[in-house]
Amino acid sequence: MIEVRGLAVRLAEEEWLFHGLDMTVEPGECAAVIGPNGTGKSTLLRCLYGMQTPTRGRVEVGGAKPDERDNSFRRKVSVLLDDSDFFSELNPIQHLELLAGSFGEDLGDFDALLADAGLSERAHLTAGHFSAGQRRRLLLLGATARPHEVLLLDEPERALDTAGKEWLASLVTRSTDAGAAVVLATHHPPLLEIADSVLELF
């Protein structure tokens, strides 16, 4: 589902963020990307989503070059990046309605989704009034509720409490159990326990 060969991103004439990077993620597998800040974890995910063109190498997602502008690609690939945002004037139900309308998908029982995310009591409160952790739950719910073949998550554990991190792990497991290929960049060691492979950037 995801194949990366010889990937390289150059920052300056003789300075490389990373180079010679290889990675394969099959359907139903989770690959974790780890490493200190500034080693290129977010950049790698942006290359996988077609938001950034690498200096060298080849990236294929679902057998084709990734392109975030392509509607068919966006239907297959769900993403939560470090700059993903929410609509502060909408409540969680309205977020789910917008998501369903955008992709033409039946997301199922909204009440059940919100209960699973721990947002039932905030269902009719606009997201601008949420805590950082509640906003993160809403973004994760949006990324995982719709059908997807590939899931890309950039430090998804950010701002989550212990219960939220356990819920996150369950979301990733559900995605892989459903046959999705998952790539997550993380600083949270327990998430490595559910990963099939780990790529460390230096």
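This is a predicted model: local features need pLDDT of at least 70, side-chain atom pairs count only at pLDDT 80 or more; totals for chains, interfaces and linings use all residues.
Glu3 is partly exposed, with 27% relative accessible area.

The side chain of Glu3 meets that of Arg5 in a salt bridge, at 3.6 Å from N to O. Arg5 is also partly exposed, at 31% relative accessibility. Both partners count as partly exposed because their values, 31% for Arg5 and 27% for Glu3, lie between the limits of 20% and 50%.

Next, Arg158 and Glu155. Their side chains form a salt bridge with an N to O distance of 3.1 Å. Glu155 has a relative accessible area of 14%, so Glu155 falls under the 20% limit and counts as buried.

Over the whole structure, the search returns nine salt bridges.

One more pair: Asp161 and Arg137. Their closest N and O atoms are 3.4 Å apart, and the two form a salt bridge. Where in the chain do the partners sit? Asp161 is in the loop between β6 (150–154) and α6 (162–177), while Arg137 belongs to helix α5. They are 24 residues apart, so this bridge links distant parts of the chain. Asp161 is partly exposed at 46% relative accessibility, whereas Arg137 is buried at 12%.

Rolling a water-sized probe over the atoms shows where space is left empty. In this model, the largest pocket holds about 680 Å³ of space. Its lining has 25 residues, and the ones closest to the centre are Val79, Asp85, Leu99, Phe103 and Gly142. Three elements each supply two or more lining residues: β5 (77–80), α3 (92–103) and α5 (132–145). Which element gives the most? That is α3, with six residues.

Among the residues closest to its centre, then, we have Asp85 and Gly142.

To tie the two parts together: helix α5 holds Arg137 of the bridge to Asp161, and α5 also gives two or more residues to the lining of the largest pocket. That is the end of my part.

Note on methods: Residues are numbered from 1 along each chain as its sequence is written. Side-chain values use heavy atoms; hydrogens and water are left out. On a 1 Å grid over the protein atoms alone, a cavity is a set of points where a 1.4 Å probe fits but cannot get out, and a pocket is an open set with protein on both sides within 12 Å along at least five of seven lines; lining residues have an atom within 4 Å of a point. Grid points are joined across faces, edges and corners, and a volume is the space filled by probe spheres set on the points. Helices (H or I, at least four residues) and strands (E, at least two) are DSSP runs, numbered from the N terminus. A salt bridge is a side-chain nitrogen of Lys or Arg within 4 Å of a carboxyl oxygen of Asp or Glu. Buried means under 20% relative accessible area, exposed over 50%, partly exposed in between (1.4 Å probe, protein chains only).
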